[in-house]
Each structure stands twice: as structure tokens, then as C-alpha cells.
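Here are a few notes to read alongside the model. Take them one at a time and find each spot for yourself.

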Amino acid sequence: MATTLETTTIFGPPLGAAGVRVREVVGSQQLRQPNIGVLALFSPLQRGPSDVPVTVTSREQYDQIFGDPQDVRWHLYPDGSQMGPDAIDGFFTMAGQSGTLIVTRLGLDGKGKRASLSLKNRQGREVLRLSAGNEGRWGGYEAHIPWSTLIVSTARTFTIYAPGVERNEFIGAKISFSSDTGKEYDVVSNTASNDRGETIFTISSQYDLIADGIDGPVTLSGLASYSSKYTLAGTVAFPLMTAVTGTVAINGTVVTGTGTRFSEQLEIGDNIYYQGEARSVESISSNTTLTIGATFTNDGITGASLEKDNLILTGVGTTFTDLIPGNTIYAEVDNKTYSRKIASIVSPTQLQLESGFPVEVSAGSQASVDNFWVEAVVGSETSYGTELTVGSSIIDPNRSSDSVSVVEIDKPNQRFKIDQKFSKDFTASQITKQNQKVKLDLIQKAGTGLSVEVGLGLKKPETHFSLFLYFNGKRVMQIADASLDPTDDDFVESLINDSNIAYRSEGKNYYTWIECENLWNGIYTTASTNDIRPSNGAGKTLLVTERRIYTVGEFDYSKVINAPLYPNPYKYARNSVRIRAAAAPVLLEGSISSTGVQVFGTNTNFTSVFRKGDYLYDPNSDTIRPIRRIVDDEELILETMFAVDLPAETKASKAGYLQVDQGVNLTEQAAIGDRFIVAYRESFVGGYDGDLGSILPFHYTKFFNVDKDLLGRAIYGKGYGLVRIICPGIHDTTIQSQGGNYAAQTACEYRIEFPPHINSVAVAEAFITSELGKNSFFSAAFPSYGYISSPLSRGKRFISINGDIAGLESAVASLREGWHHPAAGLDAALSRIEQLPIEISPPEQATLNNAGIQPILKLLGRTVIYGAEVPATDPMFTLLHVRRMQSNYARVLLEAITLQRSLFKPNSPSLSAGLYMVLNEYFQSEYRKGALNNYLPYSQAVQINFPTPNTATTQQSSRDTLVALATTDLIASIIYCPTGILKNFFINLGPDSVTSSFASL
């Protein structure tokens, strides 16, 4: 059993018996030796938890959380713009298995987005959401902005309506203009969308949009006004309820009518009212018989009159026939506006609503509807007839929404009709048109990011589903059998979320790969007619041949090649075949109708979509028919007619197909009406790192706030001892100054960097003495940058060398079990650094050493650290190893559990004796390994004193000292002499004076 400081163990006979006893005074408990060689690094990274310090103890663990386990180069920024990953490479290369790295990936402005993917069930409803474990493009960044009207352009920029876009989110996106310029444009930067939803995109400097014909908009002549609503002629009334025709007898739940029309006026689920009570209609047998869900309070009634919810709006002096179903009608009651959709027009004075107003609209009220007409200001000369055409795009004068399209021009009345409302009303405004449209496509490189393949359960294919997760094309997670049922042991949320936790901090889980959210809250069923399991692709077989299944299933046909197809998973759960070719369904432009085998189109494009033998899909009957001949864009002939002629305004499609290998006969496994599934790798989309181009000092300095101290909370109690801090590639004085202040308050160390443009020792000295300022808790090496062989391409790569330095220091400290042996001299070689940007002469070395800067030199073909000083303000700590030993001791003693256990124990001489023995044993071990000056005996190298009444060195009286010792404070004084280091080796060499005696020989 572990003992505490005040306990003792007695060996010998029991109390009361005579004999000799040995009492073992506890004090042999050792202070835990720290985990030597810990480095805290702050930097933007491509992957990993944001704004939380995460401890990793190996390169493998780092790659699992922050990199790619299959490619150690993946985490590097190809353009070298962020140097944190390079420093991490250097640290692990130099430290080997010795170092511990505390990685903090900067969350920047907090606007990063996690890539995600919502999986649908086999009926097309979203049931499972998968999100990347953290923000960034690493999970998948594909994004699109569909055709949007160009608001304004310059030579290198253009503005469109694109709400929700973050700064530089679309870097690298391909730009397409509606007027083909014959050139390819890429986005090099973009603004965040403003309050109006407008975003400015910038292209490369070698292009000129104006010269390429991308300009506008064009201002129309005259002025115009617009109101989003217009008041209808006449007045309206809407009672909440209306009478049911005839009278009824009520007996329990059966209602029998006389002169009633239940089948015509009521539907199942409607409410009927009697004496203020409402009951729901459960069934309707005829015009005179129905049943209700519960009896009325007054039962057994005859000759009663019923009411129902009203849906009819009645007008006086109105012309409702000018309206069309689908319009929205508005009524104002008590200064509050209510709106409802129009279901049908009954007459000029009556219309039926899709649902009734929630309040009564009294007779004599006015109503209004949406307005789609833009009117010229009276007296303003316009030329809409010549300046506009149907299809022209009009830019919102309020600049608060996307453009609208002209659908009709009324030249005599100087007005035009638009396809949708403007964002707000406007008066006497100039109107601008722009027929130029833009779309942007940010396409992810194939085989990168996260993707998931969902199939049937491996052991339970009839009731479960499988899930395989890939990163950069390599499998990183496998769930053999999962369910959407929370009561199932294989519940998908538990299987995924509990199995890939990268880090836990203060009650929050940070995920390695993905986080899963179940969206299904209904009954878990897996029948073919109602299978709620997710899939990558599913559909209904409309026609099956030996090698093809024809379908209009909604999934990405471009990604299914070589994917497994399950033609009939409900009959043959384990039967799958590989897809070798596929064609996606195509939604036709315009609409169609049919008479027999003839199909007629309105505004259709038959010749560009169909070929003989293709199949036309009718959504009304959910069937397809083969095409015999295409007459023109608006007429084609079918091989066989549909069972029922297609009505006008039918929106039809060309059927798609999935094709398998020769030798496979799909007709043996599937039939028309069967449901199939496809398991292919479906990619996550929408990831965003945050704006790497606008990194602010605050993104770093928030971690150097001692009051919040995220790093301090992460390392406290872990036994790390001294923790060094680096921010690779950062030479901002605000960040480095606050980093040094933080280190001074927490017994850590901050290693600074000199700006890369500093190419002389004199300027480097001035930077640290005058611009940044010295700090005893700084360490510094010059130059701070060097060249390595690029891991990504031929040639050199410019990096911060602080990671390499820190890794070498960790290796040396781990080997020596302490910080008393500096990593400096000919053996302190930075093996990766092949070239330095500056050569330092011996006199310049002296300048750097005197300034507390470690020179980085090329000596004997090696790049070495050739100094061990600190830019200290306190002469006691000018040597690096002394400052490090002091900080290390401070943190070890600060966090020592053995010392903390003494708190709140009786302040007695035995407690002091035990504490003395603990401290003494710790410093004896430091003395034995050479951390303390071995030229001195231990008693002189270390002095540990506890004040007592006889040795108190205060001016208090003996009684005062006793009172102090009896209360709350116990003060120990530890004075130690650290080992020295050999900085200069002097050899006195010369001939002895006796040499002159031999001069004559």
C-alpha cells in the first residue's frame, strides 16, 4: 500500500510486548522524473482538432490525428506558405522516439467548415449525416455556385450574388462565363459575401475580363418603381367556418345526414364542429354517412347543423379570374399580415385556399397579391421594347438578392413582368440589365479527401448495412454491420463516434476521422417497400435486359464504374456484380404531352438529348418507353405508347442505365419493379480551412493569455517539466513578445525567429536588442531558416529550422535525462539542413554569442548549433542550460503529487523532515547524473533548508516564528550550483626559458 508523508512503519514485536523496534521514517518517496524533451507547437495545419493542444508521442500518432497515416508528406503545404508541418518533420526526424510534441492547430477566425455528407435511404430521405472530424479542405472541399448574373466586372474582378461564401473559400475554382471567351479562368482570391450576399472574385493578373468581353451591366433608359404587392380590386371576406350542407343526426361516433354531401364537401382528417366542439372525421361511407373519432358532449341529437373549416375567400367587386393557382394572397387583420396560397379559382368572386387563414377576415377588407410587374415612372422615357427581351436578367436595384428574369414586356404600358420578386420595393430607380452569367466549380482532385462506401451488412445483410471510410483513397475505418436503431448493439452513432476519438478535453470529444449523426427517428424497417437503411445509390428497375438496368435513380452515375451493383438485395442479399458502364438520367427542358406513340414537346430539345433506342420516362406512371425516331426538337415517335396518354405540361426525363460485364444475365436476378442498390465511394464536400491569407497576431496570442491558459491546462500534472514553445514561420514581434511573457509567467521557454529578410548579424543583434527586446525565457538561433531537399519535388525547400533544433534538443535531453547538457557544438548537427541563407564569420559568432543568440554554422560539412547562450535580462541566466534547469525544476516541484499530498496535513516537525527527505533524494539524483556541479561535494552543490525556531533567519521573535510555523506556511530554501559548460578551452603553449641555453649549439 502506498504511504503518505506523515505515516511510519514499525517493525518488531507488537505494542505492549518487550523487544527492539525499528521505525521506518517515510521520506523515500521520489519525485517523479519529468518527461524530458517536450515541445509545444502552434501553427495552421491541414487537419486535426482546432484550438486545442493535443499531445502526441510519436510520428505515427501525429499522422493518425493531423496527417495521412499512409503518406508522411501529405501534411506539407505545397507552396510552403505554412511552415508548421516542416517543423514537425524536423522535430520527429531529429528527436526520433525521444520527444513529446504538443500540437495546437490554429482555428484562425473560427469560420472554418467541416466537410460533410448526408446519406439518403432507399426512398430518398436523408437518414445519416457524416461530418469530418474537424474543419478544413482535408475532408473534401468540392463546392459549386450555379449560374448567377454578373453584377459588375473590372479587368481582374467580378461581383455576383453568392451569399454565405467565406473569404478565399473558392481559391482554385474554375470560372465559366455564359459567353464563351475561349479561355480558362481560376479564382485566386475572393472576399467574404457582404450583408447583401454579394461576393467579389479575383482572377490571375494575365487576364483582362473587359478585353475578353466580360463587362456590364447596361443601364436602361428612364426610371422605374416596384412594389412587391398590389391591392386587388373590390373587397373580401373570410369567415373561419362555413356550414355543412343539410342536417344530421349524431349517435355516438356515427353521423347520419339528411340532404348532406359528405363525400363532396369533407375529407378524412377534416374537423367538423357542433356547438363549439370539434371532432375529426375518421371515415366517410357516402354523402350521408360518416364516423368521427370521439362522441360529442351532447349525443343522440337529430336535426343538427354542422360546420367545417372554411377554405373559400369571397369577394365583392373582385376579378379573381385574373389570378392563377399558386399565387399568394395577403389579408391584413389588426395590423398583422397573413398569407395563404391559392388552390383554385372558383369564380370572379370566389377562390379556394390551400389552407384557411388563422383569423377571420371581416367583410369589406382589402386583399393583395404578389406583384411581378415593374412599372416605368410616369413621365420617364423608357425603351423597354428595344432594350429588353424575354429572358433578359435584371439586377436587383437593392443589391440584396440574385437577379430576376424578364418573362413578358408590355411596351404600350411601359412595364415588364419578372419571374420572381425583388428583395424589397423601390421607387424611381435606375434599372440595369446583364445577360452575362457566371458559374464557379471548385472541383476536388480525384482520390483525395474523405469518401464513404455503404453496402449491405457483412454478417447481417438482411437487416444491417456496412460502412467503409476512405481517406485519400485508402481505407481508414470499417464498420461491418450497423443499424439506425438506437436500441441495437450495432447502433451506427455508437460504433463510429466511440471508435475514432482523437482527443478528449474538458468533457468534449475531438474525432480523428468523422462524426456521425443519425437523422432517422421513426420505426426501423428493412422491407423492400420501406427500407430506411442508407445507401450511396438506390433506385427502381424500370426495365432489365441481360446487361442493363434502366432507371431514373438519383445518385452520381459518374462514380459508379467498377462499383458493386446489388440487382435484388431483398431476394439475393449477397449477390453483386460490377458496373462497367453507366449513363445518368437527363431531365428534359420544357414539357411534353403524348397521343399514342407520338410525343410532342414545348420548348424541348429532343435532338440534342435522345438517340434512337433511348428510353423516355413518364413520372406519372413511373414507366419508360423506347424511342423509335426523333422527328425534331419538339416531336418524337415511340416504339409503343404509354398506357395512358401523357397530359400537357408533363415534365419528363431520359432514363439512365447501369451496364455490367458480358456473360452476366441480369434478368435472372432482377425484374421490373425491383429495387437495387449501388455501393460506391461517395465524397464529402464543403470543407474550408478558414482564411489562411489573413492570419492575425491574435490567432496566436490568445494562447499566451495566462488567465485562460489552454496550454497550461493541457500540460499541468502530466510531469512534463520544462516545455518549450515554437511558432514556426512566425517572426511578428507582437506574437513573439507575448510568447516570451507567457513563458516567463509559466516557467516555459519561447524560441524566437528572426525575419527571413535579415541577412546580417548586426541587424539580427539589433532586432533582438532593440526591436523585440531581450527576455530570459527566450531562446534564439540565427539564421532561423534554412534549405532542405524538398520532399515534394526536385530542388530545395525553405523552412524554419526551429523544429529541427527542438528535436535535437529533445534527443540530447532524453539521453542525458535532463537539460544540463546543451545541444550545441560539432555533435549538435542538424542533419536535414543542407544550406543556410547566410555565412557567419568568427567575429560575428562572438557578436551573436554576446547577444545571447546561438549561431547556426556550416562546419566540417555539417550544419551545427554553435552556441548555448540566452538573450537574458538577468545575468544569472545567460547560459541556456541554467535557465532550462531552473524552469524544469520549477515545473517539477510545482506539479509534484508527493509535495501536494502534504497540503492540509498537520504542520509538524515530522512533516518537514519527510519533505526534506523527498527533496533531498530528488536533488541527489540530479547530482549523480551531473546536472549539478560535481567539482563540489553534494553538501555544497545543493543546500535545502527548512526554517525552525532555532534557525529562523527573520527579524521575528522566537514566539512569532513559532506562530508562523504553526499556521499555514512552510518555506523551504533550495540553493544549487548547476554544472558549468565548456565554452572556451585555453592552451598555454610556448618554449621554456631554458631553450636559450641551447642557442649556441
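The points below go through a core, a helix pair and a sheet.

1. Keep in mind that this is a predicted model. Start with the largest nonpolar core, which has 41 residues. Phe-42, Phe-704, Ile-725, Tyr-750, Phe-754 and Phe-782 are the ones touching the most other members. Two or more residues each come from β3 (38–43), α8 (710–715), β60 (723–726), α9 and α10, and α10 gives the largest share, with 5 residues.

2. Now zoom in on Phe-42. Which residues is Phe-42 in contact with, leaving aside its neighbours within four places in sequence? Among them are Thr-104, Leu-106, Phe-703, Phe-704, Leu-711 and Ile-725.

3. Where they meet, α9 brings Thr-733, Gln-736 and Ser-737, while α10 brings Phe-767, Glu-771 and Leu-772. That contact has 2 nonpolar, 3 polar and 1 charged residues.

4. Last, look at the open sheet of 7 strands, ordered β45-β58-β48-β49-β57-β47-β46 with antiparallel pairing. β45 (537–540) and β46 (543–544) are at the edges with a single partner strand each, so one side of each has no neighbour in the sheet. β46 runs antiparallel to β47 (residues 548–551), joined by 2 bridges; Val-544 has Ile-549 in β47 as its bridge partner.

Methods: Residues numbered from 1 in each chain as written. Predicted model: local features only at pLDDT ≥ 70, side-chain atom pairs only at ≥ 80, totals over all residues. Heavy atoms only, no water. Contact = heavy atoms within 4.5 Å. Helix = DSSP H or I, 4+ residues; strand = E, 2+ residues; numbered from the N terminus. Nonpolar A, V, L, I, M, F, W, Y, C, P; charged D, E, K, R; others polar. Pairing = 2+ DSSP bridges. Core = buried A, V, L, I, M, F, W, Y, C linked by side-chain atoms within 4.5 Å. Buried < 20%, exposed > 50% of the residue type's maximum accessible area, 1.4 Å probe, protein only.
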